[in-house]
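Have the model open as you read.

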2 protein chains.
Amino acid sequence: MDKRLPAQRSVTITDVARAAQVSKATAARALGGYGTVSAAVRDRVLGAAQRLDYRPNALARTMATGRSGTIGVIVGDIENPFFGLAVRGISDRAKQDGFDVLLANSAEDLATEQAAMAVMLSKGVDGLIVAPSQKAERRHLDEVLARGRPLVLLDRDVPGMPVDVVEVDGRSAARLATELLTAAGHRRLCYVTASLAPESGDPTDVVLTSVGNRISGYLEAAKAAAVEPCHAAICFGAVTTQEAQDLLVALLGGPQRPSAILASDSKIALEVFRASKACGLTIPDDLSLVTFDDADWTSAVDPAVTVIAQPTYALGTAAAETLIGRLNDADRPIRRQQLKASPICRASIKRVGGLGSSAVLEQVSDHV
Amino acid sequence: MDKRLPAQRSVTITDVARAAQVSKATAARALGGYGTVSAAVRDRVLGAAQRLDYRPNALARTMATGRSGTIGVIVGDIENPFFGLAVRGISDRAKQDGFDVLLANSAEDLATEQAAMAVMLSKGVDGLIVAPSQKAERRHLDEVLARGRPLVLLDRDVPGMPVDVVEVDGRSAARLATELLTAAGHRRLCYVTASLAPESGDPTDVVLTSVGNRISGYLEAAKAAAVEPCHAAICFGAVTTQEAQDLLVALLGGPQRPSAILASDSKIALEVFRASKACGLTIPDDLSLVTFDDADWTSAVDPAVTVIAQPTYALGTAAAETLIGRLNDADRPIRRQQLKASPICRASIKRVGGLGSSAVLEQVSDHV
DNA sequence: ATGAAAGCGCTAACAA
DNA sequence: TTGTTAGCGCTTTCAT
């Protein structure tokens with residue numbers, strides 16, 4: 001009971017050649033715009049192609065040339081607006097150079113990421129842009145390189161890999177964010193992330209370098225502002241909505257409740273919003289909040305959330321541009337691009353008592 | 001200056017065959033698991049493949065068989081969480097049957113949609129799932145069918161097209177939403193959408209059937225609740241954030257300000273939130289709000305927004321399932337699936353004075 | 001059960 | 001300038 005579709009044989013270059021009464025090769029030259037063809041013949045071929053509604057078969061072309069004009073993109077979470085926007089950047093830039101984009105979602109899962117990569121390779125993508133789900137596993141990435149396909153890492157680094165990277169300078173960004181808080185007088189901070197606590201015990205050693213960098217910056221700035229180490233807390237593991245709520249409610253209900261939270265991304269920030277409501281806390285009066293990523297809702301809610309805006313779209317265009325550049329010149333030196341994030345001050349930080357804040361404020365302005 | 005990569009020749013079936021000392025055909029049979037091979041030979045071939053790290057070339061296979069194991073998906077706006085979730089539904093379901101997904105974004109632009117479709121067809125997708133950007137243009141869709149590739153319409157219909165459709169019952173959903181409002185005593189309503197006002201003058205004749213259906217339901221319910229026709233307004237054209245703000249500020253600042261707004265999607269609802277803040281209006285005290293789509297932020301903000309939740313993920317799985325079904329049986333009857341939406345009552349609707357509301361309330365409960 | 005050979009649609013040497 | 005021919009890697013008759 002397998003009545004498959006007949007998969008209509010479509011018009012091939014052979015049909016066009018016959019119609020135009022030339023050889024396949026000549027038709028190919030006219031159609032492909034390479035080699036040399038007389039004007040008369042070209043017109044004849046193009047006319048025939050038009051008449052027959054000829055559509056080149058990209059697969060056959062790829063098989064013959066080894067190039068597909070396609071870039072593979074693998075992101076961690078397609079539902080995250082951050083990646084949505086970055087992907088648009090990639091697509092827009094790729095289109096400029098005539099590249100198509102093949103998109104896949106790893107769901108932050110290594111096995112899925114590996115499978116997606118294998119599929120893309122087997123489908124003949126010319127190169128890959130990947131936001132790796134883990135900084136520690138690079139075998140599959142090495143293989144891409146071994147197969148002669150260029151690779152660009154997006155938003156997340158894999159230390160030691162000899163590839164181009166396009167990421168955000170998360171350390172400076174986090175420093176900035178933290179300074180916004182300490183400058184407003186906050187001395188009890190908490191960084192909240194979905195990442196799991198690193199086994200090594202070193203908080204910056206999380207699986208995503210993007211998060212690790214942010215934590216570094218946070219810790220640095222807290223130290224610089226002489227925040228007591230035990231008051232520069234980090235809350236790991238806010239993976240699902242439920243887990244985030246449990247964690248946050250415990251945190252906000254506890255005795256050592258922080259006066260300010262730095263959310264690792266806009267999804268976390270939303271959960272902070274939700275949890276503070278559940279705990280009967282008001283932002284910013286009872287709790288100040290800063291988050292990475294200028295998600296659309298952050299400016300519409302009350303209070304509008306102060307954010308560290310990331311150059312998300314630019315991240316995408318830069319990644320695509322880098323890949324295309326390397327496609328054209330395999331020998332160009334490897335580059336690690338760190339784009340700067342920029343703070344957008346809104347209304348979710350409350351200035352709390354204390355002195356010396358103005359000095360820190362100046363310090364902040366140096367960085368902006 | 002075109003130093004392209006050497007594109008390493010990878011291990012082919014020929015290499016495996018040689019290593020296993022059998023013919024190409026036999027190797028292919030063993031590897032592909034079809035035809036007949038003796039156990040001994042199969043082991044030899046599989047062993048060699050393993051040893052050489054053989055990866056089948058999907059392109060070559062597609063060229064030879066005409067099937068690619070790939071489904072093409074074209075959505076209107078990948079950044080919209082609605083489509084993000086639907087795409088995940090599609091991917092998950094497709095993966096169950098071993099299909100890969102090729103994703104493209106039309107940006108709600110017809111030309112882009114057509115181009116994406118051509119690319120996918122030329123790359124040999126087995127079938128297509130499309131959320132068409134316009135109900136009126138179907139030439140490119142007809143062509144998919146003509147090429148013998150099945151097509152499933154997602155979320156939006158193209159009236160008259162003989163294809164499977166998986167959509168939401170938007171008319172009932174909108175009726176429900178409107179009844180929520182009228183039952184609470186609202187008599188001055190406004191439906192706000194990004195769609196442009198139809199040239200025909202018929203408000204339900206917008207380019208997207210999903211929106212048209214919702215408008216039908218809205219109008220029906222308003223009429224049934226004896227809302228004065230001029231108070232069942234429709235506000236078209238809230239395309240960009242800026243346009244939405246301009247429109248909404250004018251609407252909310254005007255003399256005939258509605259007491260309740262029905263937002264066509266969560267993006268619009270967010271703009272309503274923003275605009276009401278700008279106008280100094282409080283939700284729900286000064287303005288009630290209902291929206292389609294249970295976006296994550298709607299339950300986290302204050303007040304939490306009453307929404308009509310759509311079965312978004314299910315929409316995706318159903319679409320994938322339908323396509324795969326047709327791939328296996330081209331002759332199965334065409335189906336139009338209408339999934340039901342369900343209201344989630346939160347805190348953005350205020351009960352306003354007046355009588356007779358209880359009667360309408362009962363009416364509502366019939367539908368829930 | 002296995003092998004030889006043709007072919008999917010296109011490109012790219014090489015000849016003419 | 002144009003045609004001939006040989007692949008790209010795989011599947012699939014048709015023989016053996």
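How many aromatic pairs does a search of the whole structure find over all chains? The search turns up 6 of them, and keep in mind that this is a predicted model.

Take B:Phe82 and B:Phe83 to begin with. Their ring centres sit 5.1 Å apart and their planes meet at 75°, so this pair is edge-to-face. Another edge-to-face pair joins B:Phe273 and B:Trp297, at 5.8 Å centre to centre and with 75° between the planes. That one links distant parts of the chain: B:Phe273 belongs to helix H11 (residues 266-278) of chain B, while B:Trp297 is in the loop between strand E9 (288-292) and strand E10 (306-309) of chain B, 24 residues apart.

| Residue | Relative accessible area | Class |
|---|---|---|
| B:Phe82 | 7% | buried |
| B:Phe83 | 3% | buried |
| B:Phe273 | 6% | buried |
| B:Trp297 | 4% | buried |

Since buried means under 20% relative accessible area, B:Trp297 at 4% counts as buried.

Rings also meet charges here. In chain A, A:Arg214 lies over the face of A:Phe292, 4.6 Å from the ring centre. In chain B, the charged end of B:Arg214 sits over the ring of B:Phe292, 4.6 Å from its centre.

Now for the nonpolar interior. In soluble globular proteins, nonpolar side chains tend to be buried together. In this model, the largest nonpolar core has 98 residues, and those with the most contacts inside it are A:Val73, A:Ile129, B:Val73 and B:Ile129.

Finally, have a look at helix H7 (residues 139-146) of chain A. Which of its residues are buried? They are A:His140, A:Leu141 and A:Val144. Why do they fall on the same side of H7(A)? Because they cover an arc of only 105° around the axis. Over on the other side of H7(A), A:Arg139 and A:Ala146 are exposed. After H7(A) comes A:Gly148, with a positive phi near 80°.

Terms used:
Residues are numbered from 1 along each chain as its sequence is written. Chains are lettered from A and ligands numbered from 1 in the order in which they are written. This is a predicted model: local features need pLDDT of at least 70, side-chain atom pairs count only at pLDDT 80 or more; totals for chains, interfaces and linings use all residues. Side-chain values use heavy atoms; hydrogens and water are left out. A nonpolar core is a set of buried Ala, Val, Leu, Ile, Met, Phe, Trp, Tyr and Cys residues joined through side-chain atoms within 4.5 Å. Buried means under 20% relative accessible area, exposed over 50%, partly exposed in between (1.4 Å probe, protein chains only). Helices (H or I, at least four residues) and strands (E, at least two) are DSSP runs, numbered from the N terminus. The arc is that of the directions from the helix axis to the C-beta atoms. Rings of Phe, Tyr and Trp (its six-membered ring) pair if their centres lie within 6.5 Å; planes under 30 degrees apart count as stacked, over 60 as edge-to-face and the rest as tilted. A charge sits over a ring if NZ of Lys or CZ of Arg is within 6 Å of the ring centre and within 35 degrees of the ring normal.
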